[in-house]
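The sequence and structure come first.

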Amino acid sequence: METPAHPAPGGIPRALFAFSIFYGGMVCIAGVLGNKQVTLGPVSALGPLLGLPPLAIEAGIFAFLLLVITSSAVAELYGRKVANFLVLVGFVPLITSMLLTLAILRMPAAPEMAPDRLAAFNTMMMATPWIWLGGIISYGISQMLNVTIFSWLKGREGNSLLWFRAAVASVLSQIVDTVLFITIAFGVGAIGWLMAGQMLVKVLLSIVLVPLLITAMVAFGRWLDRNPA
């Protein structure tokens, strides 16, 4: 059963309004964070044992996992159609951010800007369009898949087993996201070492962390909709 919603100004449920703003922010920051590959600590040592370099992940996955959590929470509270619409609207800030970055890169820098700062900015942001291109494709397919699986399981299980539905939908959708994103953003050469780390971290987080955060977000959303401002 969907939560009775107290509307925010404009008739939108308060939780949906808040989650939509948060979702848009995560869509934009994911592409920027994706420029950095981070170590997995002791887990990275598993790479050489498997004949691979030390395992690593691109940091954008943390924002993408928050997108999975948010879209699943919206599907739980307001239904599949609303969650799918949220995913579609997410293309607007994603594509706008990419186009704005390309425009800024073409604009001349101020003469007083330190050369090392300009070089660092260009180095990081010039890679971002490729990362965002991979993000656009993997984002749309994986997020729609997440909502579809989550909603299908809800149809079978009802409102019970939220943690189970969240984990299964997240694991399957993030595997698809990883294959698409790594291949497009970093090339075929990164499939082995980077994809192995991505797969491992996303599966572990989807099983351990995602169900807890979705449960918390759904509870917070219900609280927001019950309590007027």
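Asparagine 84 is placed in helix H4, where helices (H or I, at least four residues) and strands (E, at least two) are DSSP runs numbered from the N terminus. This is a predicted model, in which local features need pLDDT of at least 70, side-chain atom pairs count only at pLDDT 80 or more, and totals for chains, interfaces and linings use all residues. Residues are numbered from 1 along each chain as its sequence is written, and side-chain values use heavy atoms, with hydrogens and water left out.

**Asparagine 84**
- Asparagine 84 counts as buried, at 17% relative accessibility; buried means under 20% relative accessible area, exposed over 50%, and partly exposed in between (1.4 Å probe, protein chains only).
- Not counting residues up to four places away in sequence, asparagine 84 touches Met144 and Val147, a contact being heavy atoms within 4.5 Å.

**H3 against H4**
- Helix H3 (residues 60–78) packs on helix H4 (residues 80–89) at an angle of about 150°, and their axes are 7 Å apart.
- Axes here are lines fitted to C-alpha atoms, for helices over the stretch in contact, and angles run from 0 to 180 degrees between N-to-C directions.
- H3 and H4 are therefore roughly antiparallel to each other (under 35 degrees counts as roughly parallel, over 145 as roughly antiparallel, 65 to 115 as roughly perpendicular and the rest as oblique).
- The crossing of H3 past H4 is right-handed; a crossing is right-handed if the near helix is turned clockwise from the far one by less than a right angle, and left-handed if anticlockwise.
- On the H3 side the contact has Thr70, Ser71, Val74, Ala75 and Tyr78, which meet Arg80, Val82, Ala83, Leu86 and Val87 in H4.
- The residues of this contact of H3 with H4 divide into seven nonpolar, two polar and one charged, with Ala, Val, Leu, Ile, Met, Phe, Trp, Tyr, Cys and Pro counted as nonpolar, Asp, Glu, Lys and Arg as charged, and the others, Gly among them, as polar.

**H3 against H9**
- H3 also packs with helix H9 (residues 210–226), at an angle of about 50° and with the axes 9 Å apart.
- That angle makes H3 oblique to H9.
- H3 and H9 have a right-handed crossing.
- H3 contributes Leu65, Ile69, Thr70, Ser72, Ala73, Glu76, Leu77 and Tyr78, and H9 contributes Val210, Leu213, Ile214, Met217, Val218, Gly221, Arg222 and Asp225.
- By class, the contact of H3 with H9 holds 10 nonpolar, three polar and three charged residues.

**Aspartate 177**
- Aspartate 177 is in helix H7 (residues 162–186) and counts as buried, at 1% relative accessibility.
- The side chain of aspartate 177 makes polar contacts with the side chains of serine 138 (3.3 Å) and serine 142 (3.3 Å).
- A polar contact is a pair of N or O atoms within 3.5 Å; within protein, one must be able to donate a hydrogen and the other to accept it, and residues adjacent in sequence count only if both atoms are side-chain atoms.
- Leaving out residues up to four places away in sequence, aspartate 177 touches Phe64, Ser138, Tyr139, Ser142 and Lys202.

**Isoleucine 137**
- Isoleucine 137 lies in helix H6 (residues 115–157) and is partly exposed, with a relative accessible area of 34%.
- Isoleucine 137 and isoleucine 184 are 47 residues apart in sequence, and their C-alpha atoms are 8.8 Å apart.

**Whole protein**
- The protein has nine helices and two strands, in the order α-β-α-β-α-α-α-α-α-α-α from the N terminus.
- Of the 229 residues in the protein, 44% are buried.
- Among contacts between residues at least 6 apart in sequence, 77% join residues at least 24 apart.
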